Amino acid sequence: MRIFDTTLRDGEQTPGVSLSLEEKLGIAKQLDKLGIDIMEAGFPIASAGEKEAVSGIVKAGLDAQICGLSRVIKADIDACLDCDVGMVHTFVSTSDVQRIHTIGKSREEVVDLAVDAVQYIKDHGRACMFSAMDATRTDVDYLIDICKRVEEAGCDIINVPDTVGVMVPSAMYRLIEEIKRSVSLPLDVHCHNDYGLAVANSIAAVEAGASQVQVTINGLGERAGNADLAETVMILHTIHGARTNIKTEYLFETSRMVEKYTGVRVSQLMPVVGENAFAHESGIHTHGVLVCTDTFEPGVMTPEMVGQKRRIVLGKHAGKHAVK
Ligand code: KIV
Ligand code: ZN
């Protein structure tokens, strides 16, 4: 299972977040230490500073593959090529609502733009990922058609974005299953968290055969954010028995570094990396955990595995065992 991190692109689109070049580079190095397979370093056409940051990350010589984002526009792709990224992630809106109201193109025109962009990227010898933006609100026959057309054009991987987070896990499972029946390319998913289901939908996509998931540190991203890396990876490792290259012991420190640089506070209740994720207060729980930690923790996921510490908190509900 491949982990595609988009903290430095979709994550930076979190309202109020703006990272300096040094901060982006620092996060990139930390993501590399964490073991992600590929990072979306930014959207180079967006500004000169963004282009400089993406180039700087490429030059850092990290182990992770570096990807740049582009619309299906040559100037965007050229900006990615100028940064010398290994992969170009090109996207276009495919749902009627976005296609009509944002780009004003017909379905056929969108297919042509997508095919031309993929061919252009492949002609320049780069890996190519195609995203059908708003895939989950796109007519399924049309979605499958555009996926087949980019496959024929030489695309390497297809991303299925749940751009406005409207899926539920059962629907995500069925959609990925259906696309897989018609397209042989590896599938990736990019789930937004508008209903709090981004991680659940990403996991459902994996269950249906997706081989890559897009995630961010602390679930950062547009509106309610994207699927959180730590939660997604820990579910994959400890509940599904799947393997990724993530060194989970660095999850906590990575979360805190990104919290510091972005200024977006991590809730104490956040799974895996939240301050309370392994904290126990009530008498019954504390007594149980002091005897055997599995009594009131998942057991398969321990604080040590994610770089956290277990805490016994003396509060209103504490009992004599905790005090002792
Ligand atoms: O949410 C989305 O659809 C995106 C695309 C650029 C993949 O961020
Ligand atoms: Zn997104």
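In this predicted model, a polar side-chain atom of H192 lies 3.0 Å from an oxygen atom of ligand 1, a polar contact being a pair of N or O atoms within 3.5 Å. The protein covers 94% of the 260 Å² of accessible area that ligand 1 has on its own, with areas taken from the Shrake-Rupley method with a 1.4 Å probe.

**Ligand 1**
- An N or O atom in the side chain of D10 is 3.0 Å from an oxygen atom of ligand 1, and for a polar side-chain atom of H190 the distance to a ligand oxygen is 3.1 Å.
- The residues that surround ligand 1 include R9, F91, S131, N159 and T163, where near means having a heavy atom within 4 Å.

**Zinc ion (ligand 2)**
- The protein donors of the zinc ion are D10 (OD), H190 (NE2) and H192 (NE2), at 2.0 to 2.1 Å; donors are N, O and S atoms within 2.8 Å of the metal (3.2 Å for Na, K and Ca), and water is not among the atoms, so sites may look incomplete.
- Along the chain these donors follow the spacing D-x179-H-x1-H.

**Conventions**
- Residues are numbered from 1 along each chain as its sequence is written, while chains are lettered from A and ligands numbered from 1 in the order in which they are written.
- Local features need pLDDT of at least 70, side-chain atom pairs count only at pLDDT 80 or more, and totals for chains, interfaces and linings use all residues, while side-chain values use heavy atoms, leaving out hydrogens and water.

Definitions and conventions. A polar contact is a pair of N or O atoms within 3.5 Å; within protein, one must be able to donate a hydrogen and the other to accept it, and residues adjacent in sequence count only if both atoms are side-chain atoms.
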